[in-house]
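Biologist: I would like to go through the pockets and the metal site of this model. Please take them in turn.

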Amino acid sequence: MTNNKLQRRELLLGAAALAAGAIASQWQTKNAIAKPKFSQYPFKLGVASGDPLPESVVIWTRLAPDPLEGGGMPPESVVVQWQVAADENMRQIVRQGEAIATPELAHAVHVEVEGLQPGRWYWYQFQAGDVESQIGRTRTAAALNDTLGQLTFAFASCQDWQNGYYTAHQNLAKEDLEFVVFLGDYIYDGGSRTDSVRSHRTPAAVSLADYRNRYALYKTDPNLQAAHAAFPWIVTWDDHEVQNNYAGDRSSFGDSPSAFLRRRAAAYQAYYEHMPLRRDRAPQGSQLQLYRRFTFGDLAQFNILDTRQYRTPQPCGGGFKSRCQEAFAPNATMMGHQQEQWLFRGLTRSRSRWNILAQQTVLAQFDVDPRSRSELFNLDQWDGYVAARQRLLQFLAQRQPSNPIAITGDVHSSWVHDLKLDFKNPNSPTVGTEFVGTSISSNFPKQFIPTATIATSKNPHTKFFNGTYRGYVRCHLTRDRLVTNYRIVSTIRQPEASVRTLASFVVENGKLGVRS
Ligand code: FE
Ligand code: CA
C-alpha cells in the first residue's frame with residue numbers, strides 16, 4: 001500500500017466515518033495523528049468485512065497493539081488509510097481513502113466502501129503509519145434485478161473460546177462460499193474456566209472495558225481471523241454477547257434494571273465496535289437496531305432477526321419446564337411489535353425465490369421429554385412464546401411467501417425440523433423448514449444425547465438430530481433447490497482438524513418441507 005500514495009482529496013469524511021449521533025460529534029479529524037508510530041503490530045485483531053449490498057460493502061479493522069489490555073492505543077484519534085482492489089495482490093486499486101480511528105470506538109474503523117460492481121470479489125487492506133494490515137477478501141451482493149442462478153453461503157453460531165479451538169473456522173475459511181451468516185454467541189460473557197482447553201483468565205464481563213477485552217481475546221484467534229478475511233459476514237447476536245438468557249431489559253442473573261441496561265449498553269457498544277456493521281447500526285445508548293435485510297438478485301432474501309433485544313421475559317420462570325399459562329400469553333413477543341411488522345411487510349413484498357429467516361433460538365416446537373405422557377420445553381426458545389410463534393406460522397400459511405427457510409443457532413447441536421402450522425397435528429400444513437446448525441466450539445452435554453434422540457421420535461416434524469459434533473452448515477441455493485451440508489470437524493481439542501459432511505438435506509423449490 002505504501003507505493004500507492006493516498007491523496008488528501010480522497011478523504012472520505014462521511015463515508016469513512018465511524019458512528020452516528022453523539023459519537024460523531026466527539027471525533028475531531030484535525031486532531032487525528034496522521035503518522036502514528038507503533039511499538040507493536042497494531043492489526044492483531046485482523047480484518048473483516050460484511051453487510052454486502054450490490055455496490056457497497058463494509059470493511060473493518062481495529063488498531064489494538066496490546067489487545068487484551070484495552071488495546072494499547074493513546075487516547076487520541078489516528079488516521080487509517082484503506083484500499084480496495086480488484087486483485088489479491090492489491091495492484092488494481094478501485095477505491096481508497098482515509099478513516100479516523102477514535103478512542104470513543106476503541107480505535108475501530110468501519111468503512112462503507114461505495115461504488116463497487118455487483119456480484120464481484122474484491123480485496124482490501126488497511127495501513128496506519130508505516131504498518132500494513134493483512135489483506136482481506138470480500139464480495140458484493142448480486143444486483144437486485146439479476147436473475148441469479150446460484151448462491152453458496154454458510155451459517156455458524158456459538159463460539160465459546162474456552163471450550164475448544166476454532167477448527168471449524170479453520171475449515172470454514174477454506175470453503176467455496178460467498179458469505180457467512182453468524183447467528184449469535186460470538187463471545188461468551190462468563191468468567192474463567194479451568195477445565196477447558198483455553199481460559200478467559202478474566203471475570204465475567206460487565207463494563208465496556210471488559211467487553212472490549214473479551215472481543216479482543218476472541219479475535220486474536222488466527223482461525224477466526226482467517227474466516228473473516230475470506231468472506232464478508234452478516235452477523236446477528238444472541239444472549240451471550242451480553243449475558244446468558246437475558247430478555248430485553250431483563251437480566252436473568254438479578255442485575256437491577258438500571259445496572260442491566262448499563263451493562264447492555266456496554267455490551268452493545270463493544271459489539272458494534274468489533275463487527276463489520278454499517279454506521280446506521282451504531283448503538284444509541286442501550287439500543288442497537290440489528291435487524292435488517294439483504295437481497296441477492298431475485299434468488300434469495302435474508303431477514304436478519306434479533307430475538308433478544310425486544311423480547312418479553314421467558315414465561316413460567318424460564319428454563320426447561322412444562323408450559324404454564326404464561327407461555328401462551330397473547331401479548332408475549334420474541335421480536336417486538338415493530339420488528340414483527342417489519343418482517344411481515346418484507347415477506348409480503350419479497351420477490352425472492354427463497355426467503356431466509358436468519359435467527360437465534362429454535363423456532364420449531366420440540367418436546368424434549370422422552371416420556372410419552374409428559375412434556376418439557378426450553379422456554380428460552382420460541383417454545384416459550386407460543387402465541388408469537390403462532391402469529392409467524394399463521395402468516396407463513398396465509399401469505400405463503402416463496403420457500404420460507406429458517407436458519408438457527410443456540411442449541412450447540414444439529415437439527416432439521418419442518419415447520420408445522422400446528423405442531424401437535426402431523427397432518428397440519430407444513431409452512432417451511434428450519435435448519436439448526438451446531439456450534440463452532442460451544443459444548444453440547446453428552447448426557448443429553450440419548451434423551452434428545454428418544455424425544456426426537458415424539459416430534460414427527462423433526463427429521464434429524466445429532467449432538468456429537470461441532471461445525472457449521474454450508475448451503476447451496478439454486479433456482480430449483482436448497483441443499484444444506486452439515487459440515488463437522490474431527491476435534492476441537494487440538495488446534496487443527498479435518499472436516500467432513502455429516503448429513504445433507506434438500507428442499508425443492510415450491511415444495512414445502514425437507515425432502516425425505
Ligand atoms: Fe451458545
Ligand atoms: Ca445462546
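Biologist: Which helix gives the largest share of the lining of the largest pocket?

Modeller: This is a predicted model. Strand E18 (414-420) and helix H8 (448-456) each supply at least two residues of that lining. The largest share is three residues, and the element they come from is H8.

Biologist: What is the volume of the largest pocket, and how do the residues of its lining divide by class?

Modeller: The volume is about 690 Å³. The lining has 28 residues, and those closest to the pocket centre include Phe320, Val411 and Phe448, as well as Asn378 and Gln381. By class, the lining splits into twelve nonpolar, eleven polar and five charged.

Biologist: Which residues lie nearest the centre of the second largest pocket?

Modeller: The second largest pocket holds about 380 Å³ of space. Its lining comprises six nonpolar, seven polar and five charged residues. Of the 18 lining residues, the ones nearest the centre are Asn443, Lys446, Thr468, Arg470 and Ile492.

Biologist: Which residue coordinates both the calcium ion (ligand 2) and the iron ion (ligand 1)?

Modeller: Asp185, Asp238, Asp239 and Asp410 each coordinate the calcium ion (ligand 2) through OD, at 2.3 to 2.6 Å. Along the chain, these donors follow the spacing D-x52-D-D-x170-D. The two ions are 3.7 Å apart, and the residue that coordinates both is Asp185.

Biologist: Are Asp238 and Asp239 buried or exposed?

Modeller: Asp238 and Asp239 are both among the residues that coordinate the calcium ion (ligand 2). Buried means under 20% relative accessible area. On that cut-off, both Asp238 and Asp239 are buried.

Notes
Residues are numbered from 1 along each chain as its sequence is written. Chains are lettered from A and ligands numbered from 1 in the order in which they are written. This is a predicted model: local features need pLDDT of at least 70, side-chain atom pairs count only at pLDDT 80 or more; totals for chains, interfaces and linings use all residues. Side-chain values use heavy atoms; hydrogens and water are left out. On a 1 Å grid over the protein atoms alone, a cavity is a set of points where a 1.4 Å probe fits but cannot get out, and a pocket is an open set with protein on both sides within 12 Å along at least five of seven lines; lining residues have an atom within 4 Å of a point. Grid points are joined across faces, edges and corners, and a volume is the space filled by probe spheres set on the points. Helices (H or I, at least four residues) and strands (E, at least two) are DSSP runs, numbered from the N terminus. Ala, Val, Leu, Ile, Met, Phe, Trp, Tyr, Cys and Pro count as nonpolar, Asp, Glu, Lys and Arg as charged, and the others, Gly among them, as polar. Donors are N, O and S atoms within 2.8 Å of the metal (3.2 Å for Na, K and Ca); water is not among the atoms, so sites may look incomplete. Buried means under 20% relative accessible area, exposed over 50%, partly exposed in between (1.4 Å probe, protein chains only).
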